[in-house]
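Please consult the sequence and the structure shown below while reading.

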Amino acid sequence: MADKSVKQQVARLLKGLKEAGASREVQDAAKKWLETIPQPKKK
Amino acid sequence: MGTPSTSKSWWQYSRWITNIARNCKITEPIVNTFGGDLWYIRVFLWAIGDPNNPNATRPWLADKFYRASVCQHADYSFDIYHEPTHVLVKCLEVVGRDLKKIPITTSEAMGADFLMMLTNNRRYGTKLFYGSSSGSTVTIP
């Protein structure tokens with residue numbers, strides 16, 4: 001996992017949620033929440 | 001990293017998250033509980049302190065996550081995707097204790113709120129998940 005980019009890690013986590021059988025509501029909320037976390041500014 | 005919340009008590013969040021972790025030590029959650037919804041614990045931990053996440057909101061927790069790791073998948077260097085539940089619970093406790101140190105940000109609070117919603121009454125000291133002999137029986141509304 002260490003060699004994966006943040007985008008890939010997020011995609012993997014959301015895929016994991018889906019595969020674990022999480023409800024649509026939880027999947028959407030997790031996705032939405034991950035988007036609210038501020039990202040460091042690009043230099 | 002993020003705006004500190006001016007309305008949420010980070011001490012209260014710390015108590016709640018630590019309590020969820022303590023509770024999960026007694027009755028370990030099956031990640032498939034509620035149809036797999038508790039898999040969300042991984043998403044929560046990843047965003048807060050996963051050492052592989054360069055944008056983690058509390059990157060100083062990475063060291064503790066590393067030490068908790070038992071997963072051979074990534075040579076014991078913490079892989080949130082594969083760590084067993086008891087390691088996730090340990091990390092949740094670490095996060096819970098850390099929340100008391102500095103004000104919680106609005107986005108962290110949002111994630112914690114959602115985790116608490118999914119874990120029902122686990123954040124309270126009620127009997128449902130504590131078993132018969134351990135934990136407080138104080139009723140909190």
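## Packing around α3 of chain B

In this predicted model, the buried residues of α3(B) pack against helices of both chains: α1 and α2 of chain A, and α4 (62-68), α5 and α6 of chain B. The helix α3(B) is mostly covered, as ten of its ten residues are buried. These buried residues are Y40(B), I41(B), R42(B), V43(B), F44(B), L45(B), W46(B), A47(B), I48(B) and G49(B).

One of them, I41(B), touches L88(B), L92(B) and L115(B), leaving aside residues up to four places away in sequence.

## The largest nonpolar core

The largest nonpolar core holds 43 residues, and those touching the most other members are I17(B), Y40(B), I41(B), V43(B), L45(B), L92(B) and V95(B). At least two residues of this core come from each of α1 (6-20) and α2 (24-36) of chain A, and from each of α1 (10-26), α3, α5 (85-98) and α6 of chain B. Which element supplies the largest share of this core? That element is α3(B), with eight residues.

## The contact between the chains

Chain B brings 27 residues to the contact and chain A brings 22 residues. On the side of chain B that touches chain A, the elements giving two or more residues are α2 (33-36), α3 (40-49) and α6 (106-118) of chain B. Here α3(B) gives the most, with five residues.

By residue type, the side of chain B that touches chain A comprises 13 nonpolar, eleven polar and three charged residues.

Technical notes: Residues numbered from 1 in each chain as written. Chains lettered and ligands numbered in written order. Predicted model: local features only at pLDDT ≥ 70, side-chain atom pairs only at ≥ 80, totals over all residues. Contact = placed C-beta atoms within 7 Å. Helix = DSSP H or I, 4+ residues; strand = E, 2+ residues; numbered from the N terminus. Nonpolar A, V, L, I, M, F, W, Y, C, P; charged D, E, K, R; others polar. Core = buried A, V, L, I, M, F, W, Y, C linked by C-beta atoms within 7 Å. Buried ≥ 20, exposed ≤ 12 C-beta atoms within 10 Å, placed from the backbone.
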